[in-house]
Amino acid sequence: MVTTAEIIAKNKDYTLASWTAQNAWSPITMTRGEGVYFWDADGKRYLDWSSQLINVNVGHGHPHVIKAIQDQVAQISFAYPSIATEARGRLGELLEEVTPGRLSKAFFTNGGTDAIENAIKMARLFTGRQKILTRYRSYHGATFGAATAGGDPRRHGHGPGIPDIVRLPDPYAYRSPVYRGRTQAEGDAIMADLVEEIVQMEGPQYCAAILIEGYSGTSGIIQPSEVYWNRLRQICDQYGLLLIVDEVMSGFGRTGEWFGVDHYPNVQPDIMAVAKGITSGYVPLGATIVSDEIAAYFDDHVLSTGLTYSAHPLAMAAGVANIEVYRNENLIERSREMGKVLRQGLMDLAEKHPVIGDIRGAGLHQVIELVKNRETREPLSPFLGGLSEPMQIVARTLREKGMSTFVRWSMIFNCPPLVINEAQIQEGLDILDETLSLIDGYYEG
Ligand SMILES: Cc1ncc(COP(=O)(O)O)c(C=O)c1O
């Protein structure tokens, strides 16, 4: 039998890991997964508190999805992208049903990054304008275009990106000075005014789109209210910009609605990028979904884009099966309900552990931000640079105790699969409780 050490050694000797210096890569292994758990090669069980990369929404090893992929591969292993298949048409139809209002046609990609690349491309082709406005605290993917579009520090370090990305200040109620002494709605209104001013200064005739995550994700779940969203839609309409909503992470029930933007019923995207939960990661897939109007434009203009694996039959089958699972098992409602249990549990932890400065999110998409002092809100780890000592203790201890999740900057992400139950949420909260007890001493308030 291959040992854990051998698996890790070969991975490190022959493959490269993302977002890390290779010497700092100290992976766990995985040999199987079921529901909210997975197991390493030594048989240790992990509670998957972040659904891997916030994508395994239906949980590990779902039999309905596995069977759909198996059935499909037995029939069609590959079809080139302009071949029509039953699963492709069916997935397009299902996406039309579950996405908001005017979104009607999907272009299939391999993941989220290229869904964003193609959203930018289509917005530029459709409007004949170039500039794309995005938030600082956002992440949209790792290729040059998508990485430039994302504003958080992950864009640094690989040279110049693409031109004509314009950055917007963040509606960060917990930290932005704009919100001091103001309610969230008041601050959001000011932030939206700034967006309008930036559009005016950049020249609306050059601005193709505002690109924004439907519900903020790994940059810190920093989400403005309806006030901001309604104004974004109105600014886009007034100045002829498209609204591109990135639902790669927030889609498919993550926040307790089908999509993050569904929290704002008055806001209809022109383009939506999805990935992750569309297949829960069982097969790589993303999609750029466009409105009727944009789809009609491409009726007689060439859609100059393409990918060998666009609309891969296995991904199509996995997508159809996932949407069936979301519907049949009421996972969207479940995310909303279990999200309340998770949120209450995190609030109870905040009573015990003053290092918890802020709790943000919706549904099973929650983050806690840790601080040295609740008055000054000084973060427990600096925004730039590596993890501070207490955050390293957190990351190490969670892993030792069998919890797999994201720990970045001063934040711990709480985003388990949507199939999680109350007992499993409590199990996770208990691990967090024990872990935070180890760093209570770093609180300086
Ligand atoms: C909001 C958002 N957009 C885009 C991406 C990029 O997706 P992918 O990693 O599938 O290319 C991610 C990935 O985490 C994301 O969270």
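## Ligand surroundings and helix packing

A backbone N or O atom of Gly112 lies 2.8 Å from an oxygen atom of the ligand. This value, like the others reported here, comes from a predicted model.

### Helix pairs

Two packed helices are described by the angle between their axes and the distance between the axes.

| Helix pair | Angle | Axis distance |
|---|---|---|
| Helix 4 (residues 86-98) and helix 10 (residues 313-328) | about 40° | 8 Å |
| Helix 7 (residues 184-202) and helix 8 (residues 226-239) | about 20° | 8 Å |
| Helix 12 (residues 389-400) and helix 13 (residues 422-437) | about 140° | 9 Å |

**Helix 4 with helix 10.** At an angle of about 40°, helix 4 is oblique to helix 10. The crossing of the two is left-handed. Helix 4 contributes Ala87, Arg88, Arg90, Leu91, Leu94, Leu95, Glu97 and Val98 to the contact, while helix 10 supplies Ala315, Met316, Ala317, Gly319, Val320, Ile323 and Arg327. Sorted by class, the residues in the contact of helix 4 with helix 10 are ten nonpolar, one polar and four charged.

**Helix 7 with helix 8.** The angle here is about 20°, and angles under 35 degrees count as roughly parallel; helix 7 and helix 8 are therefore roughly parallel to each other. Helix 7 and helix 8 cross in a right-handed sense. On the helix 7 side, the residues that meet helix 8 are Ala185, Asp188, Ala189, Met191, Ala192, Asp193, Val195, Glu196, Val199 and Gln200. Their counterparts in helix 8 are Val227, Tyr228, Arg231, Leu232, Ile235, Gln238 and Tyr239. The contact of helix 7 with helix 8 comprises eleven nonpolar, two polar and four charged residues.

**Helix 12 with helix 13.** With an angle of about 140°, helix 12 is oblique to helix 13. Helix 12 passes helix 13 in a right-handed crossing. Val394, Thr397 and Leu398 of helix 12 make the contact with Ile431, Leu432 and Thr435 of helix 13. No charged residues take part in the contact of helix 12 with helix 13, which has four nonpolar and two polar residues.

Technical notes. Residues numbered from 1 in each chain as written. Predicted model: local features only at pLDDT ≥ 70, side-chain atom pairs only at ≥ 80, totals over all residues. Heavy atoms only, no water. Axes fitted to C-alpha atoms, helices over the stretch in contact; angles between N-to-C directions. Helix = DSSP H or I, 4+ residues; strand = E, 2+ residues; numbered from the N terminus. Parallel < 35°, antiparallel > 145°, perpendicular 65-115°, else oblique. Left-handed = near helix turned anticlockwise from the far one by under 90°. Contact = heavy atoms within 4.5 Å. Nonpolar A, V, L, I, M, F, W, Y, C, P; charged D, E, K, R; others polar. Polar contact = N/O pair within 3.5 Å; in protein donor to acceptor, adjacent residues only side chain to side chain.
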